[in-house]
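Please look over the model shown here before reading on.

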Amino acid sequence: MNPIFAGDAMRELLMRELLVPEAFFFALQSPANNLWNQIIHSGSAPDLSKFLVVGALLFVIGVAGVLTRRNVIVIFMSIELMLNAANLNFIAFSRYLQDTGNLNAVAGQVFTIFVIVVAAAEAAIGLGIVIALYRNRATIFVDEIDLLKW
Amino acid sequence: MTLTGWEAVFFWIFSSAALIAALLMVMARSAVHAALFLISSLVSVAALFVLLGAEFVAGVQVLVYVGGVMVLFLFVIMLVNVGAEERGSERLFNGQAQTIAAIVFSLLLMVGLIYSINQGFRGLAERDSTRLAEVAERRAAMSERLPLGATGSAKISRDTEQIGASLYRFAALPFEIASVVLLVAIVGAVLLARTRKQEAASGDVDPEGTT
């Protein structure tokens, strides 16, 4: 894969569009500071894998939220975040299929719409349960909802 | 599919915004703040959808998630929230051992996911490296042929048209099932959220016989 988003293109873009002075890049490219070079040269052009990594990180944050929080509503929000991370993967793969020959591939986008529908239904039902729970038990903390615990 | 130029810059901006907002959502003390952080995360992901050429899904995301689901969340927070978390009298997270175990598990999951994504993507890129280059030309030619918008500065995407066509042709049955699912969800939410007084007024039989 050719590094399209490599240093020179990025530098030209910044100089042309944002009027960044050229001295700024000399300062960045001093031998002591080659982090900039590493970031923009080491194949960091946003391709499919970058989108998948963003989706994976969003999913992991959602998992951590579900496992650590006590508030039921925040747990529901974390579940929405996980569903959304899956949606990002669907859309990224849809674009990848379009770019590898199947120019009209929209199956991933159609599936994403169904995921959004199911997420909306799940939020409505879940929040109804939360309201009923609060009315009966006067709490929304998951560790205080222990009727089934022996 | 490699984003270049401004698209790449916007990818980094919006993906980092989505991740930071998601982290702040998980750690927010107030549930209302968590909802607002989730809204900003969802809007950033919608911007990523636009970068990927899925304009219709981005619009649906903003309208349904941000406009519908999150407003529902905010209403329920208003009805339910006790404010004990905000005052600091209630713990935010589970017990310490449980939280540490959960974070370790999440880190392991993250390492595994990123490793497997990179491994799998390497094989995929090897397989498709020639194909990507030749299809890129065809895609560029196809987007050249798209009609100009009214202002003349942008082209009209065929994304929405294609999704509509495949929703009504190839995904017609799932589409109908989704509408039934939404109907059941509406009825179920109304049933679950009724008060005792409303239940009594509707003439239903109370299983506990208290009315």
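The sections below go from the model as a whole to its parts.

## Basis and confidence

This is a predicted model, in which local features need pLDDT of at least 70 and side-chain atom pairs count only at pLDDT 80 or more, while totals for chains, interfaces and linings use all residues. Residues are numbered from 1 along each chain as its sequence is written, and chains are lettered from A and ligands numbered from 1 in the order in which they are written.

pLDDT is the predictor's confidence in each residue, from 0 to 100. Chain A has a mean pLDDT of 81, with 79% of its residues at 70 or more. The pLDDT is below 50 over residues 1-5 of chain A, a stretch that has 15 contacts in the model beyond near neighbours in sequence. It is also below 50 over residues 38-42 of chain A, where the corresponding number of contacts is seven. Where pLDDT is low, the predicted coordinates should not be read in detail. Two residues are in contact if their C-beta atoms, placed from the backbone, lie within 7 Å.

## Overall fold of chain A

Chain A contains six helices and zero strands, in the order α-α-α-α-α-α from the N terminus. Helices (H or I, at least four residues) and strands (E, at least two) are DSSP runs, numbered from the N terminus.

Of the 150 residues in chain A, 44% are buried. A residue is buried if 20 or more other C-beta atoms lie within 10 Å of its own, exposed if 12 or fewer, and partly exposed in between, with C-beta atoms placed from the backbone. Among contacts in chain A between residues at least 6 apart in sequence, 51% link residues at least 24 apart.

H5(A) is mostly covered, with 22 of its 28 residues buried. At 1.5 Å a residue, those 28 residues should span 40 Å, and the end C-alpha atoms of H5(A) are 41 Å apart, which agrees; the expected span is 1.5 Å times one less than the number of residues. After H5(A) comes Gly101(A), with a positive phi near 125 degrees.

The axes of H5(A) and H6(A) come within 9 Å and cross at roughly 175 degrees. The two helices are therefore roughly antiparallel to each other, a term for angles over 145 degrees. Axes are lines fitted to C-alpha atoms, for helices over the stretch in contact, and angles run from 0 to 180 degrees between N-to-C directions. Residues of H5(A) including Ile73(A), Phe76(A) and Phe90(A) meet residues of H6(A), among them Phe111(A), Val115(A) and Gly126(A). This contact comprises 14 nonpolar, six polar and one charged residue. Ala, Val, Leu, Ile, Met, Phe, Trp, Tyr, Cys and Pro count as nonpolar, Asp, Glu, Lys and Arg as charged, and the others, Gly among them, as polar.

## Two residues

Gly126(A) lies in helix H6 and is buried, with 22 other C-beta atoms within 10 Å. Gly126(A) and Ile73(A) are 53 residues apart in sequence and 9.0 Å apart in space, C-alpha to C-alpha.

Ala138(A) is in the segment after H6 of chain A. Ala138(A) is exposed, with 10 other C-beta atoms within 10 Å. Its phi is near 55 degrees, a positive value in a residue other than glycine.

## Contact with chain B

In chain A, 69 residues are in contact with 84 residues of chain B. Helices H4 (48-68), H5 (72-99) and H6 (107-137) of chain A each supply at least two residues of the side that touches chain B. H6(A) gives the most to this side, with 22 residues. The side of chain A that touches chain B divides into 48 nonpolar, 13 polar and eight charged residues.

Definitions and conventions. Angles under 35 degrees count as roughly parallel, over 145 as roughly antiparallel, 65 to 115 as roughly perpendicular and the rest as oblique.
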